[in-house]
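My entries follow in the order I made them.

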Amino acid sequence: MASALFSNFINALKNHARIPFSPAELVPLKVRESTRFTKPFLVQPFTSTAERLMMNSQNNPLPEFKIDEYRTIKANQINKALDEAVPMQHPTLLHEAMRYTLLAGVKRIFGTLCIASCELVGGNELVGMPMACAVEMLMTIGVMLDDLPCFDNDDFRRGKPASHKVFGEAITLVASQALFSLAIEHLAAKTKVVSPERLLRAIVEICSSAGSEGAAAGQMMDINSEGKEVSMSELEFIHRHKSGKCVEASVVSGVLVGGGNEEEIERLRKYGKCVGLAFQVWDDVIDVTGSPEMGKKPGRDLLRDKATYPKFMGINEAKNYARELVAEGQKELAYFDSSKAAPLYHMANFIVSQ
């Protein structure tokens with residue numbers, strides 16, 4: 001059923017220029033002339049995680065995709081890479097605090113989107129893993145700071161006491177600063193076979209997502225909106241510039257290090273914008289409804305009288321809007337080979353089904 005819906009969805013998009021959609025065979029991998037750096041290992045036979053998880057049969061010629069298995073594999077790989085990237089060393093307390101929230105049980109949505117985007121345009125997880133680790137470090141900084149008493153004042157995160165409840169506020173702040181520096185250092189030192197120009201663009205992309213044009217701007221507007229009535233445009237600004245911007249940057253940075261051309265970058269940026277906003281809208285929803293995987297107490301937004309989509313339009317309408325955003329973003333995947341686009345297609349659906 002999911003395969004039939006995916007096939008119909010892709011073929012229904014008549015207005016999108018794309019590689020011809022063929023469920024029966026993969027489009028051969030080509031190294032694009034616009035790619036400005038060499039990728040010698042990419043022209044060798046390489047079976048990605050996505051390709052290994054495609055299933056074909058005579059009764060169902062269109063591949064089905066094992067999204068749960070894909071997510072688990074990628075999360076395990078990212079967790080292993082993060083564990084190696086932040087070893088325990090002197091000063092012990094600092095590195096213990098850096099590792100505490102970073103290595104807590106989490107779905108690794110941002111890192112997985114990054115690697116999936118990298119693989120979609122011809123890269124592989126060896127190329128994309130340093131970037132995936134960097135975006136996960138930046139996201140961890142965000143939640144560590146969000147939990148502080150001066151912000152959301154949450155006692156729990158990712159299923160256990162928040163960092164400041166264990167290490168105190170001062171050490172949490174120092175650990176956050178160290179993680180930010182390490183994210184850029186790790187990305188610059190460990191990324192291989194990527195041109196300096198592309199790597200610099202990717203670094204600018206993820207740093208911007210956290211700065212005054214990204215999450216910091218959204219956080220500032222979020223703080224100022226507490227207890228106030230906001231317009232729809234103001235609400236959208238807040239959500240696009242919080243986790244929404246981080247989703248966009250995760251996707252685009254993966255395309256950059258993977259060797260995507262300018263059209264692919266822009267198409268996947270549009271995908272990232274839509275899915276990123278949907279992610280934040282859905283986060284509003286589960287703060288109201290609760291979720292076994294939430295890892296923190298629900299109802300915090302209501303308690304602080306925050307500007308949220310459920311507050312603005314109701315829970316059901318907020319859910320519908322998030323799913324509409326996902327559908328809009330998935331349209332951009334019609335340009336790509338369906339087997340390689342499957343992870344991003346199904347990851348978007350997963351985001352609005354938690």
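**Entry: H13 and H17.** I started with helix H13 (residues 262-289) and helix H17 (residues 338-351), whose axes come within 9 Å and cross at roughly 20°. That angle makes H13 roughly parallel to H17. I looked up the hand of the H13 and H17 crossing and found it left-handed. On the H13 side I listed Leu268, Tyr271, Val275, Phe279 and Trp282; they meet Leu344, Tyr345, Ala348 and Ile351 in H17. I sorted this contact by class and got nine nonpolar, no polar and no charged residues.

**Entry: the whole chain.** I note that the model is predicted. I read off 17 helices and four strands. The chain has 354 residues, and 53% of them count as buried. I then took contacts between residues at least 6 apart in sequence: 75% join residues at least 24 apart.

**Entry: H5 and H6.** How do the axes of H5 and H6 cross? I found that helix H5 (residues 109-120) and helix H6 (residues 125-146) have axes that come within 8 Å and cross at roughly 155°. Angles over 145 degrees count as roughly antiparallel, so H5 and H6 are roughly antiparallel to each other. The crossing of H5 past H6 is right-handed. From H5, the contact uses Ile109, Phe110, Gly111, Cys114, Ile115, Cys118 and Glu119. From H6, I listed Glu125, Val127, Gly128, Met129, Met131, Ala132, Val135, Glu136 and Met139. The class count for H5 with H6 is 11 nonpolar, two polar and three charged residues.

**Entry: H3 and H6.** I stayed on H6 and turned to helix H3 (residues 67-85). The axes of H3 and H6 come within 10 Å and cross at roughly 70°. H3 and H6 are therefore roughly perpendicular to each other. H3 brings Lys74, Gln77, Ile78, Ala81, Leu82 and Ala85 to the contact. H6 brings Glu125, Met129, Ala132, Cys133, Glu136 and Met137. By class I got eight nonpolar, one polar and three charged residues for H3 with H6.

**Entry: H10.** Which residues of helix H10 (residues 215-225) are buried? I found Ala217, Gly218, Gln219, Asp222 and Ser225. The buried residues of H10 pack against H6 and helix H11 (232-240). After H10 comes Gly227, with a positive phi near 75°.

**Entry: Ala307.** I located Ala307 in the loop between helix H14 (300-303) and helix H15 (309-313). Is Ala307 buried or exposed? The cut-off for buried is under 20% relative accessible area; Ala307 is at 6% relative accessibility, so Ala307 counts as buried. I looked up its contacts, leaving aside neighbours within four places in sequence, and found Ser225, Val230, Leu235, Ile238 and His239. I also checked Asp222: it lies 85 residues from Ala307 along the chain, and their C-alpha atoms are separated by 7.0 Å.

**Entry: Ile184.** My last stop was Ile184, in helix H8 (residues 169-190). Not counting residues up to four places away in sequence, Ile184 touches Ile203, Ile206 and Cys207. I took one C-alpha distance here: Ile184 and Met131 are 53 residues apart along the chain and separated by 9.1 Å.

Terms used:
Residues are numbered from 1 along each chain as its sequence is written. This is a predicted model: local features need pLDDT of at least 70, side-chain atom pairs count only at pLDDT 80 or more; totals for chains, interfaces and linings use all residues. Side-chain values use heavy atoms; hydrogens and water are left out. Axes are lines fitted to C-alpha atoms, for helices over the stretch in contact, and angles run from 0 to 180 degrees between N-to-C directions. Helices (H or I, at least four residues) and strands (E, at least two) are DSSP runs, numbered from the N terminus. Angles under 35 degrees count as roughly parallel, over 145 as roughly antiparallel, 65 to 115 as roughly perpendicular and the rest as oblique. A crossing is left-handed if the near helix is turned anticlockwise from the far one by less than a right angle, and right-handed if clockwise. Contact means heavy atoms within 4.5 Å. Ala, Val, Leu, Ile, Met, Phe, Trp, Tyr, Cys and Pro count as nonpolar, Asp, Glu, Lys and Arg as charged, and the others, Gly among them, as polar. Buried means under 20% relative accessible area, exposed over 50%, partly exposed in between (1.4 Å probe, protein chains only).
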